[in-house]
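Subject: Structure handover

Hi there,

Here is the structure I promised to pass on. Please open it alongside this note, and I'll walk you through the findings below.

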Amino acid sequence: MQYIIGAYASAPSLTSNDKSLETQFYNKLIKSIPQIQGLEIPFFGDDIHQFGYDFLFNFIKPKWGNVLTCIPGTMLNLEKNPKFGLASDDVLGRKEAIAMHARVNNTLHTMNEKYGKKSIIAVQVASAPSMSVTGVSSSTDSLFKSLDEILRWDWGGAKIIIEHCDKFIPMQPFEKGFLSIDDEIDTLLKVSNLYNVGITINWARSAIEERSSIAPINHLKLVAKRNLLGGLIFSGTSENDTLYGKWKDNHMPFSFSDSLDYHEVNSLLNFKNISETLACVDLNNIDYLGIKLLPMPMGNFDIDRRVGINFEAISALDKILTLQNSEL
């Protein structure tokens, strides 16, 4: 099995300006994990890496099929304008989101031209903004208008995928607070007969929404039933943890490992939950399976650990899938 790796979440560059550390990280990661299908590449609003496009291009393999995620750029723009987003009912906020996604489209073509092939297999977008902020509103009508516009562009064969984030629930602390998965499904169904679209389930974000490890399975089944399942990303969370917090979207690593060095005991990404999640997915009918993990404390720049949490997670997924296949 091949996997998408959200390596930027483990990379030193989230909190360090040391290019040598970043180079060590990517070189060791790529050498350690031959099962890489591609990277989940973050679009930060104008660029895909703090050291520039060319820096990351040094590590991306021409044969890979990568995923481009707009979540980082979306969150950075929301800090400046809480009305920013594809689902925003605010004219300016939606216009700004459309403009950012136009830059994403340019990035996709830059990569395809560099590698002379379809380098990006999917572009992950979000149904921002958060509906809980005073004076901010979002709707499926606004999301549909935005999708109707951006889907008319040439995306080089890449699938446009909504990455589901936790929805806003009154009286419950949220991480993203975007539209519900039902709203996202209903909106995509209006365009799915004309365009290549889908939904990706991020394990932690679904669990955070319902405060339950069953929620990702429910969301996967719901999306698959409508033939919209694009991908599954294993990213962890915890009911309570000193470093990773309580139901936080901090990309917590797996809670079990063959090594005692790199697992997080309080993570809900344990053997049982991962196995049950994988058992409900037809891997032949999704575009990608992957991980996105973040080492804490973020000031610890141990490259072995940063690579290790990814290596051991992929090894664990391989073992679970092998075990499940042997039982068929």
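For accessibility, a residue is called buried under 20% relative accessible area, exposed over 50%, and partly exposed in between, using a 1.4 Å probe and protein chains only. The model is a predicted one, where local features need pLDDT of at least 70, side-chain atom pairs count only at pLDDT 80 or more, and totals for chains, interfaces and linings use all residues. Residues are numbered from 1 along each chain as its sequence is written, and side-chain values use heavy atoms, with hydrogens and water left out.

Salt bridges

The whole structure holds 12 salt bridges, each being a side-chain nitrogen of Lys or Arg within 4 Å of a carboxyl oxygen of Asp or Glu. D148 pairs with R152, with 3.1 Å between the closest N and O atoms. R152 is exposed, at 58% relative accessibility, while D148 is partly exposed at 24%.

E163 and R205 also form a salt bridge, their closest N and O atoms lying 2.3 Å apart. E163 sits in strand β5 (residues 159-164) and R205 in helix α7 (residues 203-210), so this pair ties together parts that are 42 residues apart in sequence. Helices (H or I, at least four residues) and strands (E, at least two) are DSSP runs, numbered from the N terminus. Both E163 and R205 are buried.

K292 and E40 meet in a salt bridge at 3.1 Å, N to O. K292 is in the loop between β8 (288-291) and α10, and E40 in strand β2 (residues 36-42), so the pair links parts 252 residues apart in sequence. K292 is buried, at 0% relative accessibility, and E40 is buried too, at 2%. A network of salt bridges links E40, E163, K176, R205, D249 and K292.

A helix pair

Helices α9 (residues 271-279) and α10 (residues 303-326) pack at about 55 degrees, with their axes 10 Å apart. Axes are lines fitted to C-alpha atoms, for helices over the stretch in contact, and angles run from 0 to 180 degrees between N-to-C directions. The two helices are therefore oblique to each other; under 35 degrees counts as roughly parallel, over 145 as roughly antiparallel, 65 to 115 as roughly perpendicular and the rest as oblique.

On the α9 side, F271, I274, S275, L278 and A279 meet L317, I320, L321, L323 and Q324 of α10, where contact means heavy atoms within 4.5 Å.

Best wishes
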